[in-house]
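User: I'd like to go through the charged pairs here and hear the reasoning behind each label. Can you show me what we're working with?

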Amino acid sequence: CKLLGADMMYTEFISSDGLVHDAASSFKKLDIFDYERPIGIQYFGAHIDSMIKAATIVEAANPDIIDIN
């Protein structure tokens, strides 16, 4: 999308439970490349404990924006 002129990009929705349980498919969505910036990571979940733990993981990926759903 960025190569076609998008000003801003977001990841796919990432499951907080997937991040907390070390699911490879969830962690792969956290890969951010400099050419994609600015980029936001959007993650979701239904369990507050997983959402809080996942917040630390998402923040470590250093996105420009964090979108919580």
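User: What makes Arg37 and Asp64 a salt bridge?

Analyst: A salt bridge is a side-chain nitrogen of Lys or Arg within 4 Å of a carboxyl oxygen of Asp or Glu. The Arg37 and Asp64 side chains meet at 3.0 Å, N to O, so the pair passes. The two residues link distant parts of the chain, 27 residues apart: Arg37 sits in the loop between helix 2 and strand 2, and Asp64 in the loop between helix 3 (48–60) and strand 3 (65–68). Helices (H or I, at least four residues) and strands (E, at least two) are DSSP runs, numbered from the N terminus. Keep in mind that this is a predicted model: local features need pLDDT of at least 70 and side-chain atom pairs pLDDT 80 or more, while totals for chains, interfaces and linings use all residues. Residues are numbered from 1 along each chain as its sequence is written, and side-chain values use heavy atoms, with hydrogens and water left out.

User: Why is Asp64 called partly exposed?

Analyst: Buried means under 20% relative accessible area, exposed over 50%, and partly exposed in between (1.4 Å probe, protein chains only). Asp64 has 43%, so it's partly exposed. Arg37, at 25%, also counts as partly exposed.

User: What links Asp34, Arg37 and Asp64?

Analyst: A network of salt bridges. Arg37 also pairs with Asp34, at 3.8 Å, N to O. Asp34 has a relative accessible area of 67%, so that residue is exposed.

User: How many salt bridges does a search of the whole structure find?

Analyst: Three. Among them is Lys29 with Glu12, at 3.9 Å, N to O. Lys29 is in the loop between helix 2 (24–28) and strand 2 (39–44) and Glu12 is in strand 1, so the pair ties together parts 17 residues apart in sequence. Lys29 is partly exposed because its relative accessibility is 29%, whereas Glu12 is exposed because its value is 54%.

User: What makes the nonpolar surface patch?

Analyst: Leu3, Phe33 and Tyr35 make the patch, about 400 Å². Patches are made of residues with over 30% relative accessible area and no salt bridge; like charges are joined within 9 Å, nonpolar side chains (Val, Leu, Ile, Met, Phe, Trp, Tyr) within 5 Å. Leu3 has a relative accessible area of 77%, so it clears the area cut-off and counts as exposed. Leu3 lies in the segment before strand 1 (9–15).

Definitions and conventions. Areas by Shrake-Rupley, 256 points an atom, 1.4 Å probe, with all protein chains shown as cover.
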